[in-house]
Structures are given as C-alpha cells and as structure tokens.
Amino acid sequence: MDVLEYLEEAARGLADLAMFPCFDVAHYVVSVMALREQPGALEVSRVSPLACWFSSMLYCFGGAVLSGIMLAEPPVAPLSNGTGVLLASIIWYLIFYCPMDVAYGCAAVLPLRLVLSGMKEVTRTWKVLGGVVQARGKYKDSLLVMIAIGWARGAGGGLISNFEQLVRGVWKPETNELLRMS
C-alpha cells in the first residue's frame, strides 16, 4: 500500500468515529475552560452560579443556538438534548467548583489541552457540516445561506459571546467577534 491508500483508510476510520462521548466531552471541556479564563468569570461563578451555568451552555451550544435563530427555529432546541446538557453541566461544575481546582488544573496541562483542542476542532468540522446540511434542507439552491449557517454553527460560541458577556454582566462591545475576528 502506498501513502495515499493509508491516508484514505485513516480518513474513512476518522469519518466513522462517533462524536459522543469523547469528542463532545473535549468540546465541552475546552469551551468551559475558555469561559473560565475570561476576566471576571470566576467572580460571577461565586456570586451567581446560574448565570455562570447559562454562560457555559452558551459557550457549549452557541453554534446550534445561533444557527437555530438564523433558520427561524427554536433557539432552545439544542438544550432539549438532555444527555448533552447533563454532560456539559457536569463538566461546568467540575471546571468551576472542583476542590483545589483539580479538574481545571488537569485539563490545563499543555499536552492534554492540545489533544482536547484538536478533538474540539474535529467536532467543529462536524458542526459546520451539520449546519450546511441543516440549511440545505430549507434552502436547497442558496449556497450563501448554507455557508453562513455552517459558519455560524461552527463558530457560534465566539459569535454569541457578546450576549454571553451581557448575561454575566461584563458586556464589552469592543470585543465583538464580527469586528475583530480571532
């Protein structure tokens, strides 16, 4: 077998991997860690755990919420997946409230963080594909709509961050992702 056949076989193997639970856990861990590292997030978690939890859910499910809004679907539909919300909530609790910050400290170790970030990027590609397929179901002939929904679904956590900051009470319009893309 030559190199191209090995790559094709590896690609088929990766395409058949299930996203749940390993890749979803990585996505939730990286998303909640990104929230925790925002200025003032720890203080909000102590003062208002509900606002912190809601912000975490926006970080974890922001793309699905945003694409739902763009397609005139219920924005709370992603939260109807009880297993995903429960898993994200458990990870939120561990990252923010684990004694001596053990969960955050372990996940913040650079080699593990790199692996988790890579796994999150794999889920991002699946989310972009899911957004394109979802948009294609409603707008079969509109390539621009499919691209916009795929982009929103893949980058939703960053795009919805201004609303998330508003929930935490630290809204900064100068951090708008549309104006200064990361």
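Local features were considered at pLDDT of at least 70 and side-chain atom pairs at pLDDT 80 or more, whereas totals for chains, interfaces and linings use all residues. Residues are numbered from 1 along each chain as its sequence is written, and side-chain values use heavy atoms, with hydrogens and water left out. The mean pLDDT (the predictor's confidence in each residue, from 0 to 100) of the protein chain is 88, and 93% of the residues reach 70 or more. Confidence is highest in helix H5 (residues 82-97), at a mean of 97, and lowest in H9, at 76. Where pLDDT is low, the predicted coordinates should not be read in detail.

The protein chain has 9 helices and 0 strands; these are DSSP runs numbered from the N terminus (helices: H or I, at least four residues; strands: E, at least two). The radius of gyration, taken over C-alpha atoms, is 17 Å, close to the 16 Å given by the globule rule for 182 residues, so the chain is as compact as a globular protein of that length. The globule rule is 2.2 Å times the number of residues to the power 0.38. Along the principal axes, the C-alpha atoms fill a box of roughly 55 × 40 × 35 Å. Of the 182 residues, 36% count as buried (buried is under 20% relative accessible area, exposed over 50%, partly exposed in between; 1.4 Å probe, protein chains only). The chain exposes about 10600 Å², of which carbon and sulfur atoms supply 70%; areas come from the Shrake-Rupley method with a 1.4 Å probe, and for residues only the protein chains shown count as cover. Among contacts (heavy atoms within 4.5 Å) between residues at least 6 apart in sequence, 70% join residues at least 24 apart.

The structure holds 4 salt bridges, defined by a side-chain nitrogen of Lys or Arg within 4 Å of a carboxyl oxygen of Asp or Glu. One of them joins Asp101 and Arg36 at 2.9 Å, N to O. This pair links distant parts of the chain, with Asp101 in the loop between H5 and H6 and Arg36 in helix H2 (residues 22-36), 65 residues apart. Arg36 is buried at 9% relative accessible area, whereas Asp101 is partly exposed at 30%. Asp101 also has a positive phi of about 55° although it is not a glycine. Ala72, in the loop between helix H4 (49-70) and H5, likewise has a positive phi, of about 60°. Ala72 is exposed, at 70%. Most residues other than glycine have a negative phi.

A further salt bridge is formed by Arg113 and Glu37 (2.8 Å, N to O). Here Arg113 of helix H7 (residues 110-138) is linked to Glu37 in the loop between H2 and helix H3 (41-47), 76 residues apart. Within H7, Arg124 and Glu121 lie 3 residues apart, about one turn of the helix, and their side chains meet at 2.9 Å, N to O.

Gly157 is found in helix H8 (residues 143-159) and is partly exposed, at 22%. Excluding residues up to four places away in sequence, Gly157 touches Leu58, Tyr59, Gly62 and Gly63. Phe163, in helix H9 (residues 161-168), is partly exposed at 42% relative accessibility.
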